[in-house]
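Dear colleague,

I am handing over the structure that we spoke about, and it is shown just below. After it you will find what came out of the analysis, with the cut-offs spelled out where they are needed.

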Amino acid sequence: MKLLTFAHRAESQAFLKNKALSFKAKPFAFEGFYCSEKELALLITGEGVQSATEKLAAVCGAYPEITHIINMGVAGILEDSPKLDLNQIKVLRTCYLSRSEGMEFKSFTTSEESKNTFDCVTSHKRALTKEDSNRLSPFAPIVDRECWAIGSVASRFKIPFHAYKILSDRVFESGEVCQQVKDKALFFSESLLNYFLETWSLEAPGPIEAYDNLEKMSKDYSLHFTTSHKRKFRSLWNILLKKYSNEKEVLKKLDMDCFKEIKLSPKEKTSFLLEKMENLSTPFKSELKVKLDQSISPLKNAKCLVRFSENFEDDSMELSLKIRKEADLIHLKKALEKTDYKQIKNLLNGIPE
Amino acid sequence: MFEKIFYEKDAFSNPRTQYVLNKFKGIPHVEISKIEDIFGRVKKPYLQKRTNLNLFIGEKKGQLVKETPNAYGLSGDPHYYFIHSYNCIYECDYCYLQGYFHSPDLVFFINHEEIIEEMRQIIKKNGSHKTSWFHAGEYSDSLALSHITGELPLYFDFFRDLKSAKLELRTKSANIKELKSLRPSKNIIVSFSLSPKEQIKDHDLKTPPLETRLKAMETLDKLGHPIALHLDPIIFCDDFKSQYEEMLESLFKYISPERIEYISLGVVRFTKDVYNQMKKNYPSSKVHQSELIKSFDGKVRYMRPMRLWMLQTIKNICLLYGVKEEKLYLCMEE
């Protein structure tokens with residue numbers, strides 16, 4: 001469900017009157033919440049950061065099905081720029097907050113990917129004078145009263161957020177702007193509605209297709225994934241996808257055809273596949289482990305446990321062995337004689353062969 | 001290039017400020033009281049440098065010349081870096097600047113005379129038996145915009161006659177316009193950061209290609225400017241060794257090994273914060289596929305045998321080409 005947010009009813013009037021959208025008031029903890037059959041909801045947050053934060057957070061908490069938050073409304077122009085003109089609708093990018101005590105460090109960025117976006121500063125009070133404009137314009141060219149709060153709640157709930165503002169007044173020119181904005185409220189609201197209908201699809205989203213190639217792979221190559229196998233597979237698969245750009249390439253690197261011929265149980269095949277994936281994602285570490293395993297094989301054969309430091313951060317090794325009889329000691333002595341310590345040391349110190 | 005230029009009121013009359021303002025007449029110039037009132041005051045997303053980069057001009061306050069961390073330069077001598085600029089026009093995906101200033105905007109500090117005065121004090125304190133090294137380019141590229149900032153002649157004049165001090169200008173650029181007009185000095189070294197061409201394409205976004213940097217090095221070498229190299233950060237890839245072999249082969253066609261003052265080698269490493277920023281800004285970067293681990297000190301880097309193998313491998317290639325071992329040093333590595 002997409003949630004539209006407006007500060008004032010006047011800004012949302014065209015949406016509420018639109019027959020196709022057919023919003024209906026929804027009883028909630030406060031007034032100003034509407035739902036439509038088009039997978040849309042509309043919230044009037046009230047003006048200012050505190051009201052917008054409280055109301056939006058309450059709605060997001062109550063409706064986990066919200067997939068996008070779209071903030072719309074009027075905004076002021078803070079600087080005289082050919083890129084900014086009255087009645088234009090601008091797509092917002094990063095929102096900053098001006099508090100009474102100064103600028104808030106935290107900022108929130110919308111999910112817009114377009115390059116033609118503008119930053120906005122949300123002001124703790126209405127920006128009406130040239131002084132306001134001078135104070136705020138170094139941070140952003142547009143000013144509003146809520147956007148930062150919307151971004152903050154969206155971020156908290158991890159919901160993508162978007163913001164579209166229609167430029168209603170030039171703050172740096174000063175004047176009796178509030179009344180003028182009120183007088184043009186219907187025009188602003190209709191413009192925002194048209195923009196919304198052009199930009200956003202009203203089609204209800206289909207069920208999310210959970211892409212998962214595990215099932216297909218299990219079938220094609222007779223594999224069997226336990227829960228921990230699945231977790232490991234997904235993590236390694238994502239790493240390999242980044243490394244080799246596409247799925248086909250990854251499958252080729254894994255030489256999947258060999259799994260059709262290999263004579264192992266489905267579970268063993270899966271373990272083998274995961275090992276291959278690990279080797280591909282961490283080739284250096286895998287090779288090092290193989291070489292170290294070879295180097296310490298005499299010790300392992302003598303039932304001696306060999307431990308290296310965590311992530312091989314130093315070149316020491318720790319041996320432990322339970323001696324039960326004299327033969328154990330003799331085995332150990334022989335194993336130590338067979339162990340090429342210099343080779344192990346070289347491997348741990350990255351000395352090329 | 002810039003969306004706006006903010007200049008400190010007190011810096012307005014400085015000829016360096018005037019030069020920059022005149023150079024960018026067509027964009028808004030905004031007078032401010034102090035840089036820190038705006039710059040870094042709010043968290044400006046790093047990638048906004050692509051579409052909305054501002055420039056700040058002012059004076060740096062506080063300590064202007066600082067001691068470097070250990071293993072920063074050739075060992076034995078005291079090393080310092082000086083701050084005359086913040087941020088960079090390039091966009092290397094591993095760059096620590098993305099987690100440093102909370103803003104990608106550029107800052108030019110114009111009080112170079114004060115920086116030089118601090119250097120003078122340090123050189124005096126260290127005495128003539130030690131060589132004091134001063135590095136430019138810790139928080140910015142020291143050549144990329146040198147034709148606009150115009151401070152190089154001042155530093156050349158200061159260092160030229162000093163016997164116990166060296167200046168290093170670190171760069172990824174090929175902007176040698178200013179240097180070409182300056183008389184070389186034995187103690188002013190231009191150090192180029194290089195990576196194999198595939199790595200430059202993948203990671204050093206918006207920087208000049210390898211060939212262009214090599215040509216710039218060759219030109220400066222022929223003019224008599226001492227040249228050094230930074231092979232840092234070294235990033236692992238499947239054909240790591242052959243990429244470095246190819247790069248070093250090309251390099252030594254442009255400049256002979258004995259002409260290079262020193263070569264520093266450093267493997268890629270991140271603080272946790274920078275790594276998180278990088279994951280956010282460049283989620284598909286190939287750095288993320290390259291066996292990085294959270295290390296003993298909280299830093300994100302390759303495990304020790306891998307780091308050492310990478311450094312040794314490149315060191316061996318350099319030695320094969322005749323680079324003397326004493327000219328090679330491992331940057332920020334044990």
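Chain A and chain B bury about 3000 Å² between them, 57% of it on carbon and sulfur atoms, where buried area is the accessible area (1.4 Å probe) that two parts lose on being put together, summed over both. On the side of chain A, the residues that lose the most area to chain B are A:Phe105, A:Phe284 and A:Glu313, together 24% of what that side buries. Counted by contact (heavy atoms within 4.5 Å), 36 residues of chain A meet 35 residues of chain B.

Please keep in mind that this is a predicted model, in which local features need pLDDT of at least 70 and side-chain atom pairs count only at pLDDT 80 or more, while totals for chains, interfaces and linings use all residues. Residues are numbered from 1 along each chain as its sequence is written, chains are lettered from A and ligands numbered from 1 in the order in which they are written, and side-chain values use heavy atoms, with hydrogens and water left out.

The largest pocket has a volume of about 1100 Å³. A pocket here is an open set of points on a 1 Å grid over the protein atoms alone, where a 1.4 Å probe fits, with protein on both sides within 12 Å along at least five of seven lines, and lining residues have an atom within 4 Å of a point; the volume is the space filled by probe spheres set on the points, which are joined across faces, edges and corners. Of its 41 lining residues, B:Tyr96, B:Glu138, B:Arg170, B:Asp232 and B:Arg269 lie nearest the centre. Strand 13 of chain B provides the largest share of this lining, 3 residues, with strands (E, at least two residues) and helices (H or I, at least four) taken as DSSP runs numbered from the N terminus.

The second largest pocket, with a volume of about 930 Å³, has 29 lining residues, and closest to its centre are A:Thr109, A:Thr110, B:Pro45, B:Gln48 and B:Lys280. Strand 7 of chain A gives the most to this lining, with 4 residues.

With best wishes
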